[in-house]
Amino acid sequence: MDIKAFLESPTQKGLEVVKKDDLIKIATRLNLTEVKQSMRKADIQRLIAGHYVEKKVFEKEVLKQFPGSEIAISEAQVQLAKIEAEREQTQLKIEAEREQKRLEAEREQNKLEAEREEKRLEAEQKKLETEQKLTQMKIEADLAMKQMELKRMELDSEEKEKQRQHELQMKRRSSESDSDDGFSASREVRLVPPFEEDQVDQYFQHFEKVAVSSNWPRKGWALMVQSVIKGKAQKSLFCFVC
């Protein structure tokens, strides 16, 4: 019999007609270490048949055609149990690895979700802090505006009071001037030349000529000048009238 042909395409009929020596060679090729030279042919056939049943090449019913001895059957059962245990252990290992990967993936997902939640909370905290800063800045700006407005009102009030005091002083001086030598400031004020701030020196020279030609008393010059002068020229007024 062609052993190679049997190994490539094992059949029940082929196993029945194989000689013992060939059976031993087949068992050796199949790594059936429990097969011994001293064993009966039927026992060897039983073990080889059992091997192919395990590999699902033969149906289990084939074993009925190769009953063998109790020893051979027991050894075949042990071999089957060993293979089944190895298969079960391999399956358990695969399932354990699969469960380990699932747990790792779940832990990674939980970690990512925790990081996302932490970033979200940080973003909300920063947003809240920014809103609080903007609110505080608005409050401070509003307060500064109110303080500036109050200060402006105070300055306006002071300016109005100064203006009122100036007008009273002008009226008083005008009244006093009207009583000296027939000089009336209220009457003569229309002759005062218009003030030009960019030509202060020339203006005072012009004013002096008008005052002299109009016979205004010198003590009334300051009153007349004050009626039209404004701006920085007021600082030069004292020197002019002294």
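Helices here are DSSP runs of H or I with at least four residues, strands are E runs of at least two, and both are numbered from the N terminus. On that basis, the chain has nine helices and zero strands. This is a predicted model, so local features need pLDDT of at least 70, side-chain atom pairs count only at pLDDT 80 or more, and totals for chains, interfaces and linings use all residues. Residues are numbered from 1 along each chain as its sequence is written, and side-chain values use heavy atoms, without hydrogens or water.

First, the whole chain. Of its 242 residues, 26% are buried, meaning under 20% relative accessible area with a 1.4 Å probe, protein chains only. Now contacts, meaning heavy atoms within 4.5 Å. Among those with a separation of 6 or more, 47% join residues 24 or more positions apart.

On to helix H3, residues 20-29. Its buried residues are Asp22, Leu23, Ile24, Ile26 and Ala27. They pack against helix H1 (3-8), helix H2 (12-17) and helix H4 (41-54).

Take the H4 partner. The axes of H3 and H4 come within 10 Å and cross at roughly 30 degrees. Axes are lines fitted to C-alpha atoms over the stretch in contact, with angles from 0 to 180 degrees between N-to-C directions. Who makes the contact? From H3, Lys20, Leu23, Ile24, Ile26 and Ala27; from H4, Lys41, Ile44, Gln45 and Ile48. By class, that is six nonpolar, one polar and two charged residues.

Last stop, just after H3: asparagine 31 has a positive phi of about 60 degrees.

Terms used
Buried means under 20% relative accessible area, exposed over 50%, partly exposed in between (1.4 Å probe, protein chains only). Ala, Val, Leu, Ile, Met, Phe, Trp, Tyr, Cys and Pro count as nonpolar, Asp, Glu, Lys and Arg as charged, and the others, Gly among them, as polar.
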